[in-house]
Every structure is written in structure tokens, then in C-alpha cells.
Amino acid sequence: MLRYILKRILSMIPVFICISILLYAIVRMMPGDPVRLMLPTSLKKDAYDAAYARMYEKMGMDKSIPTQYVRWMGNMFQGDFGHSVRFNRPVGEVIGQPIKNTLYLNLIVLILEIAIVLPVGIRMATKRLSLFDNFWQVFSLATYSMPSFFVALCLIYVFGAKLQWLPMGGMPNSALIGGAQYFLSYLRYAVLPAVTLTVIGVAGSLRYVRNSMIDALGQDYIRTARSKGLNEKVVVYSHAFRNALIPVSTVLVAGIFGMFVGSPITETVFSWNGIGRVLIDGLNNRDYYLVATINWIFAIMFVLGNLVADMVYGLVDPRIKLS
């Protein structure tokens with residue numbers, strides 16, 4: 001296992017290099033001049049030109065593109081992700097709190113998804129073609145076809161505008177409230193975006209778990225277990241579900257690493273200060289270093305997610321030898 005992990009880590013180095021080159025090239029191809037966006041327009045022409053020249057040199061844009069890329073990568077490994085044009089602050093300071101907010105929100109979503117998907121998906125497989133199975137299949141198909149902003153707007157209209165049970169968007173202000181009151185307020189603001197992401201996530205995962213369980217229940221070892229007179233719960237949960245976990249583990253691992261990625265559309269609709277919303281702001285304002293850094297983080301999460309998924313396969317299925 002250790003040898004396999006080391007080989008995979010070494011193989012990821014050229015992948016990261018290629019991703020970083022593509023990211024930097026695509027970001028630099030964005031139209032607009034980030035230096036002009038950082039300077040006030042009220043300056044006189046001579047003062048503006050002098051300030052522009054100083055900022056242009058400070059950001060290293062007077063160098064060649066390859067030199068700028070090497071400088072950007074070197075600074076990143078030292079914890080310097082550049083300067084944000086949109087927020088006029090270091091990128092590390094800009095993305096710190098949004099990553100936490102996205103992580104907290106998606107942690108709630110992941111817990112809700114697991115609590116719904118596993119028991120419902122297993123029951124759908126054991127009660128195949130029943131009313132319960134048909135209802136959840138129709139539900140998953142309908143919600144999977146809905147865009148996330150539509151689900152979000154429906155929840156805002158019903159629970160925010162009409163019933164007024166929950167806030168329609170935004171986040172609580174930590175400067176005004178604190179302690180347990182802030183925590184409870186934070187949860188109230190997180191309910192609608194969490195439900196939106198859960199509905200969309202459950203739609204695809206349910207069918208995945210159901211089909212995996214149906215395949216497992218149709219195997220010979222399940223018929224053998226039943227012929228021995230084992231309790232049906234033992235057959236389903238100890239035998240079938242254990243083997244169904246092999247493909248299901250992919251969904252679970254993807255969900256864990258997806259907590260850091262965020263949901264730009266949902267976070268924007270609910271004005272949730274998450275990393276996805278910050279990415280949209282950066283794109284709209286041509287914030288080169290902010291956009292490149294966020295996408296770099298996303299790439300790392302996806303590559304690490306694939307590595308962990310392969311490791312989980314080896315732990316769940318002893319037939320798989322990682323060598």
C-alpha cells in the first residue's frame with residue numbers, strides 16, 4: 001500500500017504542473033487590465049501613469065509570461081497567492097473565511113445526504129418496483145433534472161417569502177452577535193442552501209446506491225446466504241451492502257473532497273460568502289490571481305480525491321491489490 005501511494009504521489013507531480021500551466025494560461029487570456037482595476041480613476045494623468053507603472057512592475061507584469069508563471073508558482077509554495085484586484089487584499093486573506101463557510105455548509109449537506117441516501121437507496125433495492133421504489137425514482141429523476149437555482153428560488157419563495165420561517169439569504173454578522181446565538185443564527189441561514197444542495201445531490205446518489213445494491217443482491221453468494229437460513233437483515237446489510245460499498249465509496253469520497261469546492265450558483269443565489277461565490281466575483285472582475293488560486297485548490301482536491309478513492313477500493317475490496 002505504501003509503495004502504491006508513493007508511486008501515485010510521484011505521478012501526480014507532472015499532473016499538477018500541467019494543470020498549473022493551463023490554469024495560468026487561461027486566466028492570463030482573460031480580457032482586461034487588472035492594474036487599471038486597482039487604481040482610482042480620480043488621479044490626474046501624470047499621477048495615474050506613474051502609479052500604473054509602479055503597480056505594473058510590482059505585480060511582475062513587466063516580465064515575460066513564463067517568468068511570471070515561475071514567479072507565481074514559487075510564491076504559491078511560500079504561501080503567497082498574489083494580490084486580489086477585486087478585494088485589494090492578499091488572496092490568502094480573501095479566500096480564508098469563504099473556504100471555511102463552504103466547508104461548514106457542505107459538511108451539513110454531506111451528513112444529510114448520507115443519512116438519506118444509504119437507508120433509502122438500500123430500501124429501494126430491497127423493495128424493487130414497489131410504491132416506495134417508484135416514488136423515489138420519480139423524485140430523483142425530477143430533482144436531478146432541475147437546475148440548482150430553480151430549487152433555490154422555490155425554497156426562498158415558500159419558506160422565506162411566504163411562510164417567513166427562514167432568512168432568504170445572506171449570513172449572520174459575527175460582529176453583532178456571538179456565542180451560541182451566532183451558532184444558531186448561522187444554522188438558520190444555512191438551512192435553505194443546505195437543503196438545496198442536498199436535494200440536488202441526493203437525486204444522483206440515490207440511483208447509484210440502488211443500482212449497486214440490486215447488482216449485489218443478484219449475486220450467487222446472496223442466494224447461498226439465504227439458502228443457509230440467514231436473517232434477511234444480515235443478508236442485506238452484512239453481505240450485500242458490504243460489497244455494494246465498492247462503487248458507492250466513489251460517491252462518498254467525491255462528496256468529502258467536494259466540500260472544499262463549493263457551489264457557485266447556490267452560494268450566489270443565497271448570498272452565501274463561500275468560495276464558489278468568491279470565484280464568480282473574481283471572474284466578473286478579472287481577478288487573475290484569485291481565480292487561478294481557487295481553481296488550483298479545486299484541482300488539488302479532485303486529484304487527491306481520486307487517490308483516496310483508489311485507496312478506499314483496496315480497503316473495501318480485498319480482491320483489489322494495490323501494488
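## Overall picture

Of the 323 residues in the protein chain, 39% are buried, where buried means under 20% relative accessible area, exposed means over 50%, and partly exposed lies in between (1.4 Å probe, protein chains only). This is a predicted model, in which local features need pLDDT of at least 70 and side-chain atom pairs count only at pLDDT 80 or more, while totals for chains, interfaces and linings use all residues. Residues are numbered from 1 along each chain as its sequence is written, and side-chain values use heavy atoms, with hydrogens and water left out.

The protein chain holds 13 helices and two strands. Helices (H or I, at least four residues) and strands (E, at least two) are DSSP runs, numbered from the N terminus. The C-alpha trace spans about 90 × 55 × 35 Å along its principal axes. A contact here means heavy atoms within 4.5 Å. Among contacts in the protein chain with a separation of 6 or more, 71% are between residues 24 or more positions apart.

Phe16 is a residue of helix α1, which covers residues 2-28. Setting aside neighbours within four places in sequence, Phe16 is in contact with Trp296, Ala299, Ile300 and Val303. Phe16 can also be compared in position with Ala292: the two are 276 residues apart in sequence, and their C-alpha atoms are 13 Å apart in space.

## Helices α5 and α8

Helix α5 (residues 91-126) packs with α8 at an angle of about 35°, and their axes are 6 Å apart. Axes are lines fitted to C-alpha atoms, for helices over the stretch in contact, and angles run from 0 to 180 degrees between N-to-C directions. The crossing of the two helices is right-handed; a crossing is right-handed if the near helix is turned clockwise from the far one by less than a right angle, and left-handed if anticlockwise. The contact of α5 with α8 involves 23 nonpolar residues, seven polar and two charged. In this count Ala, Val, Leu, Ile, Met, Phe, Trp, Tyr, Cys and Pro are nonpolar, Asp, Glu, Lys and Arg are charged, and the others, Gly among them, are polar.

Two residues illustrate these helices. Asn101 sits in α5 and is buried, because its relative accessible area is 3%. Beyond residues up to four places away in sequence, Asn101 touches Met171, Tyr186, Trp272 and Asn273. Ser212 belongs to α8 and is buried too, with a relative accessible area of 10%. Ser212 and Ala125 are 87 residues apart along the chain, yet their C-alpha atoms are separated by 8.5 Å.

## From α5 to α6

Leu129 lies in the loop between α5 and α6. Its phi is near 65°, a positive value in a residue other than glycine. Leu129 counts as exposed because its relative accessible area is 61%.

Asp133 is found in helix α6, residues 131-145. At 0% relative accessibility, Asp133 is buried. Apart from its neighbours within four places in sequence, Asp133 is in contact with Met124, Lys127, Arg128 and Arg210.

## Helix α7

Helix α7 has 15 residues (148-162), so at 1.5 Å a residue it should span 21 Å; its end C-alpha atoms are 20 Å apart, which agrees. The expected span is 1.5 Å times one less than the number of residues. There is a kink of about 30° in α7, centred on Ile156. The bend at a residue is the angle between axes fitted to the seven residues ending there and the seven starting there. After the helix comes Gln164, with a positive phi near 55°.

The buried residues of α7 are Ser148, Val151, Ala152, Leu155, Ile156 and Gly160. An α-helix has 3.6 residues a turn, so residues three or four places apart point the same way. The cover over the buried residues of α7 includes α8 (179-217) and α11 (264-269). Ser148 counts as buried because its relative accessibility is 19%. Leaving aside neighbours within four places in sequence, Ser148 is in contact with Thr196, Ile200, Ile265 and Thr266.

Ser271 is in the loop between α11 and α12 (275-284). Phi of Ser271 is near 55°, a positive value in a residue other than glycine. Ser271 is partly exposed, because its relative accessible area is 31%.
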